[in-house]
There are 2 protein chains.
Amino acid sequence: MVPKQCETMNGYTVNPRDVYGTLDYNNIAKEFGVQSITPYTLKTLSKFTGEPHLFLRRNLVSFHRNLDLILSDYKARKGFFLVTGRGPSNHMHLGHLIPFIMSKWLQDKFNVNLYIQLSDDEKFLNTTKSIEEIRNYSKNNMADIAALDFDKDKTFIFSDTDYIKNLYPLSLKISKKIDMYKSRKSFGLDSCKNPATNFYPILQMTTPVIENCRSLNVVGLDQDPYYKVQNEIADSLGHKKVATILNKFLPSLSGTSGKMNASTPEGTIYLSDTKDQITKTVKKYLPNKIKCHKNDFRDPFNNMAFLMLYYILEENDNEIKTIQDQYVRNEINDSYINQLFLEKITKFLETHQSNKERMSEFVDSYTNSGNLAMKMRSKIHM
Amino acid sequence: MVPKQCETMNGYTVNPRDVYGTLDYNNIAKEFGVQSITPYTLKTLSKFTGEPHLFLRRNLVSFHRNLDLILSDYKARKGFFLVTGRGPSNHMHLGHLIPFIMSKWLQDKFNVNLYIQLSDDEKFLNTTKSIEEIRNYSKNNMADIAALDFDKDKTFIFSDTDYIKNLYPLSLKISKKIDMYKSRKSFGLDSCKNPATNFYPILQMTTPVIENCRSLNVVGLDQDPYYKVQNEIADSLGHKKVATILNKFLPSLSGTSGKMNASTPEGTIYLSDTKDQITKTVKKYLPNKIKCHKNDFRDPFNNMAFLMLYYILEENDNEIKTIQDQYVRNEINDSYINQLFLEKITKFLETHQSNKERMSEFVDSYTNSGNLAMKMRSKIHM
């Protein structure tokens, strides 16, 4: 859904359908009832994983729901499984990779099944694109996802229109417990008149309960309301309460508010961008003051190039600390930091694009021929 | 849905979800905006079919929407196709057969494709039965339907949970045009809080447009609102307006109001009833005054045994006229007419049950292996 231009009383709106405005993460977390990922959480997690992933160390993946239950289930050998997903309405951009990179790390560390759900129904319903266009994006997005090289026998990628027969009976059971009027606001559907748009959220609430063990849903903070509502009805269905691990949104290069958006290309870094395209985007959207004034107070977290380095591109904690300090002390100028960003992002995307090409032959493992995919294709969830 | 005990201002409620009260058919037809099947309609129809079917001659199938368009399409060799269906929440009773018998006759006369949709999702959502129970009823109901011996290469029987993957993309397109708030009242969903219950009507509105030619939907009058709403959006989707041919409801033996109901067994004749069971039902629910009083005014259409003979069991027009006249003149008593009914219904059900057994091996032709079924199984409707 293209963000509306109006803003709410808080100055922002965050729900599964819309993210816009100046986001106050702590306030959103409080509203949603999710927990912050604290140093203590990370310490507990690291007992199982070793050093926490960059996204966790740098506070990009910074909220959760029931992560403690996941870890105690894992410790008690009850197991868990991962769920993530994507609404395939466009080509993927840098921000879209966050939950997939996080999921890849979690799968590697815990050796668990991962389900990747593409809500192509949602995107057909909420855009003016044809089903055929959306399906082409699904196909292309799957190749981007496959580039991350998940476990081919423990990962199942599917789209809603493709897998609905298998999900439908269980989704009907869940739907019977949902009070549409109560949940519409949290799902961003207050004014929605379309019956299918009121129904597809149930499909997203079905995947987290297709295995008997607990699911950890690796998603953007905006998606949490589905799981909140799901947990309110879990007991009545004999389902385990689900867990979430939630990322903040990567802003676009053009500003810190809202999130990078594939349908509003200003300042968006697409995964398919060439070096030339990135250079143009950088030139167009990043400030480029050459002179620094010693007494300027500069917050690196207001500098988009720094933010990209911090959150994604500079994995070395010492390096990023050095850059941050130099920036604060006005020892490096915008031009320097833009150049650093340009080099790193170019390399990052070249690697991604080469992986995408190399790995595209494995898409079928995830969708059909891998062990988990084969098992899921033959299973009707009840 | 079990009928509610309250009644509306009109003394009745008729919508796809509920039928109860004392039905004023002409008023309902006016409200829905459907046409009566007049002697003129029958004369036009009979040019194509020869003598109209019993149900048409006796006014049991007595309303329509766009039947004239079907006939002119047929005349212009544009063709048409038939759609009917059933909500498989229980064993089938005598009243449930009406649209199937009508469809069989129409298929025989026009040699066209017939789609039979079992809304098992609806029945799971609207009853307390499990999905497994509903699926067992679907299976059993399919055998009752197969007993009518449709064209095995031109008939496709499917259930919603089984065929949803094929219907879903087209149903999403239809859903985008539906104003849920406007249609909820006509669908009987005013107070429905369940997202899937707001969605399944769209699946019933999808089958009537899966072929390029026009569909004739052979259903009970209560189902017409789906097609009314469908025709309001047809132009915007480039779809042909659909047609309906609508039957009144067979009342239960216990009274003339409402309709025979499988979930309230009083006075219901199940297709699986044995002679003993029918005898008991007749004894319990039909009046049995032995003496007639010459001056009593007796309306045969208030006598349930006569009604069953008239609508279904006595095909000979002269015979039924004779019985009717004798009844009005008090020349035959209840006992006589009950006995006649008992003999005819026993024979009818024995034939049905033997056909059901004999034909059950052909269910697979309708669901999977017949020409139309095979074609439909491999087709995703867009």
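Tutor: The account below begins with one residue and then turns to the interface between the two chains. Please keep in mind that this is a predicted model.

The residue is B:Thr127, which lies in the loop between helix 6 (120–126) and helix 7 (131–146) of chain B. Its relative accessibility is 17%, and because buried means under 20%, B:Thr127 counts as buried. The side chain of B:Thr127 reaches the backbone oxygen of B:Lys123 at 2.7 Å. Leaving aside residues up to four places away in sequence, B:Thr127 touches B:Ser89 and B:Ile134, and also A:Lys176 of the other chain.

That last partner leads to the interface. Here 36 residues of chain A are in contact with 36 residues of chain B. The area buried between the two chains is about 3,300 Å², and carbon and sulfur atoms give 67% of it. A:Lys176, together with A:Tyr168 and A:Pro195, supplies 19% of the area that chain A buries against chain B, more than any other three residues.

Polar and charged pairs are also found here. Between chain A and chain B, 16 residue pairs are in polar contact. The rule finds 4 salt bridges across this interface. The side chains of A:Lys165 and B:Asp162 form a salt bridge, with a distance of 3.4 Å from N to O. On the side of chain A that touches chain B, helix 8 of chain A provides the largest share, 9 residues. By class, that side of chain A has 19 nonpolar, 6 polar and 11 charged residues.

Terms used
Residues numbered from 1 in each chain as written. Chains lettered and ligands numbered in written order. Predicted model: local features only at pLDDT ≥ 70, side-chain atom pairs only at ≥ 80, totals over all residues. Heavy atoms only, no water. Helix = DSSP H or I, 4+ residues; strand = E, 2+ residues; numbered from the N terminus. Buried < 20%, exposed > 50% of the residue type's maximum accessible area, 1.4 Å probe, protein only. Polar contact = N/O pair within 3.5 Å; in protein donor to acceptor, adjacent residues only side chain to side chain. Contact = heavy atoms within 4.5 Å. Buried area = accessible area lost by both parts, 1.4 Å probe. Nonpolar A, V, L, I, M, F, W, Y, C, P; charged D, E, K, R; others polar.
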